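Visitor: Hi! Could you walk me through this one?
Guide: Happy to; here it is.

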Amino acid sequence: MKETERRSIAEALILASPEPIPVARLAKLLPRCTPAKARALVDELNADYVAQQRSFEIQEVAGGYQVRTHPEFASYLQQLQRTRPLRLSNAALETLAIVAYRQPVTRAEVEHVRGVDAGPVMRNLLERKLVKIAGHRDVPGRPMLYATTKRFLELLGLASLEALPTLRDLEELTPADAPPASQGSGQNDSGEAPAQLSLQDVDIAGKPN
Amino acid sequence: MSASGQSLEANPVVPDPFAPYSVRLPVFEGPLDLLLHLIRLDEVEITDIPIARIGEQYLEYLGLMRDLDLDVVGEYLVMAATLAWIKSRMLLPVEQTNEDGEEVDPRAELIARLLEYQRFKEVAAALGERDRLDRDVFAGRAPIAGSPAELEREVEVGLFDLVEAYRRVLEARRDIRPLPHEIETEEITIRERMLEVMGILETRNSADFEALMQEGHERRHSKSLLVATFLAILELARLSVIRVYQSLDSLGVPEGPIHLRRTAEGGDGSWVDRIADLM
């Protein structure tokens, strides 16, 4: 079988799969193929797409490959939609973030971090299937444990939970992204509060005393 | 104390103290969020939060919320108490120490919580900025005909979803109002609507719930029609001559219009008798 043919089959499989297709499954469906080889085929396909300035690429989401359009075409594609895109409030995003990093986590633990009742937001996330119940904690009251779902990874285009930005990554990003400290600058600042967590502060937070 | 007045004026939360009706409050996610906001405004370090000053501003803010008739929920009050407690502890001349004899900052726990919350806020913002499926990026995921995903593309709708759909119809038809001089002589009965709904389903495979709510009747603008139709649909579902479905999106989440379909029982004509039995 010619190499280009195998590549086309891989492309067809990824395109027509109803959900992200795991690399192991792709390798199995392709004649005489290994996962490593399948990965290489996907890389070649993506290189082709870039070279041809295609409107899409193959991405790894929720443990599988999926063809996804580039964001610059969003305004056109949204018109095809029958339903409005999912909106996520700040409360929903914060709750999702806490569940994602701390899972499995109880509602009380989420409430402790955010300082507010988590009930309505958690119900909403459960309804949208972004969060699922992952059993009970074996303590008095047997509180329910929550975890994120595959749909959560698909929605945010994450290959896996490991692809979440680590808290450490954020620490590294913060000083680089922050504008240079405007210590003792004039009074007529634009009123914006530049106060940002410095790297040292975060380190202290990580290991209190 | 003048500091309190000044801090409020410097606070962009209140653009003009003489225009009370144009006051706009940013929405805070809770007491921790509000504290982070105050800390940012004061340009102080979280790790060295001036409890007395921030506490005062915090209470001012709660007062503002009350003036605006916003619900000051319990969580905000608990935090106010915590701040007052920490402040009193800091005023005590005795140094607080733990078992090892080390000095303990009464603020330590609050500071740890603020830093933790701030970190999750940052992560949440980072997640919020990611390209989102079906908003920013769109997936090629052609369903293969006859695949399990294709066959299970709808789910039975529960009562609450149905009530929600009913509410949407009512909302869309808020213009419906009986004319003052109009005397409703013609009663629309539920049984009548049951028969009409079944009649519609006789001619086609399925019917859209929201369209059905206003179909098949010359008196389209009557609210009692909507009520009767809704109750008729519930009654038909109870008799299990119809079932109510909602489509699933590609990720298996119920989405989109709700539609009705006859069951096998509803297809053999015996439903006529069953409705007649109700009369």
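Visitor: What share of the residues in chain A is buried?
Guide: Of the 209 residues in chain A, 26% are buried, meaning that 20 or more other C-beta atoms, placed from the backbone, lie within 10 Å of a residue's own. This is a predicted model: local features need pLDDT of at least 70, side-chain atom pairs count only at pLDDT 80 or more, and totals for chains, interfaces and linings use all residues. Residues are numbered from 1 along each chain as its sequence is written, with chains lettered from A and ligands numbered from 1 in the order written.

Visitor: And how many helices and strands does chain A have?
Guide: Chain A has 10 helices and 5 strands. These are DSSP runs numbered from the N terminus, with at least four residues for helices (H or I) and at least two for strands (E).

Visitor: Which strands make up the open sheet of 3?
Guide: The order is E1(A)-E2(A)-E1(B), with antiparallel pairing; two strands pair if DSSP finds at least two bridges between them. At the edges are E1 (56-61) of chain A and E1 (139-140) of chain B.

Visitor: What packs on that sheet?
Guide: Helix H1 (residues 3-16) of chain A does, touching E1 and E2 of chain A and E1 of chain B. Touching here means C-beta atoms, placed from the backbone, within 7 Å.

Visitor: New topic: what does A:Leu96 touch?
Guide: Leaving out residues up to four places away in sequence, A:Leu96 touches A:Leu125, A:Leu130, A:Thr148, A:Phe152 and B:Leu127.

How values were computed:
Two residues are in contact if their C-beta atoms, placed from the backbone, lie within 7 Å. Axes are lines fitted to C-alpha atoms, for helices over the stretch in contact, and angles run from 0 to 180 degrees between N-to-C directions. A residue is buried if 20 or more other C-beta atoms lie within 10 Å of its own, exposed if 12 or fewer, and partly exposed in between; C-beta atoms are placed from the backbone.
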